[in-house]
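Good morning, and thank you for coming.

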Amino acid sequence: MSLQISNLSKSYGRVRALSDVSLSVHPGEVLGIMGVNGAGKSTLLNCICGFATPDAGAIELGGRGICGQRPDHVSRAGVGRTFQVPRSFRSLTVLENLLVVPARGEPSGIRLDRAHHALEKVKLATLANNYAGELSGGQQKLLELARILILAPRVVLFDEPLAGMHSDLCRVFLDEVAEMLSRSVAVMLVCHDPGILYRLARDIVVLHEGRVLSSGSPAAVRCDPAVIEAYLGVQH
Amino acid sequence: MTSLMTGAIVNAIALGILYGLLGLSLTIVYGAMRIANLAHGEMVLAGSYVAYVVTTQLGYSPLAAIPVAFILLFLLAFALFAVAGRRLQAARDPEMASFLFFYGVSLMVASGLLFLFDADARSVIFQFQPLSYRVLGLVIPKARVVAVGVAMVLVPALFLFLYRTTSGKALRAAVMNRDALRIVGVDVERLSLVAFSVSAGIAGVTGVLLALVFPAFTPFSGLDYTITGFVVIVLGGLGSPLGALLGGMIFAFSEQLTTLWIGQSAGVLAGFLILVLVVAIRPAGLIGQAEWKS
Ligand SMILES: Nc1ncnc2c1ncn2[C@@H]1O[C@H](COP(=O)(O)OP(=O)(O)O)[C@@H](O)[C@H]1O
Ligand SMILES: [Mg+2]
């Protein structure tokens, strides 16, 4: 299933968090989203997932409009996401965190097996009965990843999944992304580290102050003078 | 130990579990919806009046009032929330909106009860067989034993629901992080509707049980229950079921022991003093920390 975004705008008071943003994500491909802090990356994800209502524009999932729908509807329509700051249920165990995902008719035995399997994949199996609040930041991000494996969405939005994550844990994450791509999942990857995006992404969109500063193949974006200027201007 | 002391302790345990029940239903609503239900005491009181009608007026056992109170309060709350719930949660300031809304509901219920039953104090009149038990030199009314017995079944049942079933876990998860629950496809609004209705049903049952323990009530008794409920859950930690039970016990013990040592009027004051102390030292309540910070 493809995700298509056209002319999306969103303001918070006088801050134009997004203006006239268009992009699309296709099955089996990674769309990289780059941009400095405050560029509007998380707002883009919030608009897609229904946590924020765009002021203008359209969001289509497999040709069907999902703009303005509630988060639980968007989730059931097949969009999964992680948060920049991981959101787990701290006083539930790691396993229980996966079991609160609605079963939708799946027998509880199978559900439990899948939960254990997902925890194994993200290397959290030994912590299944620990409280989620005891996990490190990186492990919480892997728990969010396990939640996505349980939901098996057709489109996945990752918000800075690797920021602050230990390199061993990054490996786990990257392996899972590769497997999702092989199952034709469409992946939107918000990432601070251009190196990773240059490697993984089919296309990259660079946001700057809510606008699309540049977009295209990694090779094209990399050499775009506007991108170089924006990045050098901020980082040095 | 003097028999007065034993009596106070027995009373405290009995009241503690009832206060715990009061706090449990309130904390479910507060936790799952971030709604301060100011009408909670009136819902409890409505349960007491159901007990009054079923026993004093119709002559049935108070046990018969329990399912009646649960179903009646459940349905009333369901209707109320179906009409107003979504709008309250969509308000710009949901906490203030619901605060005012439920204050209005509390006034409405109280004046409804006043209209139906007058301002006179009412009590549950029912002759249990035997009327009382003698234990450790104390005379314990059977009504009180029944009330505590029912609460001792209800509280573990609620805990089993909250800690062992998927919907119970979802409810607790909603306390910890609503957004994370929504992105996995849980209809948090519907969950809130069910939580609110179940909570009102339990409040109704609590009212029946309190009517067996306290001698009398008037249409204005609701505020006392609301205040006790809030003290109990703030003491234990907002949104924490275990905290509600603990808070109920502490409040009941401090109330009973100060009444014994100092006097009736000091009883309630001691509970508030402990509340102020707890809030000053541990703002999240005794065991609210883990679930409150998320
Ligand atoms: N809920 C909100 N309320 C007000 N302003 C917001 C909100 N969310 C984001 N913003 C503002 O929108 C801009 C973009 O933020 P964000 O999307 O979080 O950027 P990024 O994820 O790229 O760092 C920032 O200026 C931020 O302060
Ligand atoms: Mg962000």
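Helices (H or I, at least four residues) and strands (E, at least two) are DSSP runs, numbered from the N terminus. This is a predicted model, in which local features need pLDDT of at least 70 and side-chain atom pairs count only at pLDDT 80 or more, while totals for chains, interfaces and linings use all residues. Residues are numbered from 1 along each chain as its sequence is written, chains are lettered from A and ligands numbered from 1 in the order in which they are written, and side-chain values use heavy atoms, with hydrogens and water left out.

Let me begin with helix 9 of chain B, residues 222-236. Its 15 residues reach 21 Å from first C-alpha to last, close to the 21 Å expected at 1.5 Å a residue; the expected span is 1.5 Å times one less than the number of residues. Buried means under 20% relative accessible area, exposed over 50%, and partly exposed in between (1.4 Å probe, protein chains only). Because 11 of the 15 residues of helix 9 of chain B are buried, it is largely enclosed by the rest of the structure. Among them are Tyr225(B), Phe230(B) and Ile233(B). The buried residues pack against helix 1 (3-33), helix 2 (40-57), helix 8 (188-213), helix 10 (241-261) and helix 11 (264-281) of chain B. Gly237(B), with a positive phi near 120 degrees, follows helix 9 of chain B.

I turn to the interface. Chain A contributes 22 residues to the contact and chain B 23 residues. About 2,000 Å² is buried between the two chains, 62% of it from carbon and sulfur atoms; buried area is the accessible area (1.4 Å probe) that two parts lose on being put together, summed over both. Phe89(A), Ser91(A) and Val100(A) supply 25% of the area that chain A buries against chain B, more than any other three residues. Four salt bridges cross this interface, each a side-chain nitrogen of Lys or Arg within 4 Å of a carboxyl oxygen of Asp or Glu. Asp179(B) pairs in this way with Arg87(A), with the closest N and O atoms 2.8 Å apart.

Finally, which protein donors hold the magnesium ion, ligand 2? They are Ser42(A), through OG, and Gln84(A), through OE1, at 2.1 to 2.2 Å. Donors are N, O and S atoms within 2.8 Å of the metal (3.2 Å for Na, K and Ca); water is not among the atoms, so sites may look incomplete. Ser42(A) lies in helix 1 (residues 41-49) of chain A and Gln84(A) in the loop between strand 6 (79-81) and helix 3 (94-99) of chain A, so the pair ties together parts 42 residues apart in sequence.

How values were computed
Contact = heavy atoms within 4.5 Å.
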